[in-house]
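This report describes a single protein model, from its overall fold to its surface. Please consult the sequence and structure shown here.

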Amino acid sequence: MGTAIVLAIVAGAAALAIRSIIKDKKAGKSAQCGDCTRCSGCH
């Protein structure tokens, strides 16, 4: 039972992280430098 609870917590955290990455990407932010509008040549 404990394993299932830990798995649910880890899966929830991973889902939130992925959602945040997708949201940032749609907003034009990059994982490398944060904000591509203020940076020249981060990728």
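The sections below cover the fold, the helix and the surface.

## Overall fold

The model is predicted. The protein contains one helix and zero strands. Of its 43 residues, 2% are buried. The accessible area of the protein comes to about 3,800 Å², and 66% of this is supplied by carbon and sulfur atoms.

## The helix and its end

Helix α1 covers residues 2–26. With 25 residues, α1 spans 36 Å between its first and last C-alpha, close to the 36 Å expected at 1.5 Å a residue. Just after α1, glycine 28 adopts a positive phi of about 90°.

Isoleucine 5 is part of helix α1. In an α-helix, residues three or four places apart point the same way, because there are 3.6 residues a turn.

Isoleucine 5 has a relative accessible area of 47%. This residue is therefore classed as partly exposed, since that class lies between the 20% limit for buried and the 50% limit for exposed.

Definitions and conventions: Residues are numbered from 1 along each chain as its sequence is written. This is a predicted model: local features need pLDDT of at least 70, side-chain atom pairs count only at pLDDT 80 or more; totals for chains, interfaces and linings use all residues. Side-chain values use heavy atoms; hydrogens and water are left out. Helices (H or I, at least four residues) and strands (E, at least two) are DSSP runs, numbered from the N terminus. Buried means under 20% relative accessible area, exposed over 50%, partly exposed in between (1.4 Å probe, protein chains only). Accessible areas come from the Shrake-Rupley method with a 1.4 Å probe; for residues, only the protein chains shown count as cover. The expected span of a helix is 1.5 Å times one less than its number of residues.
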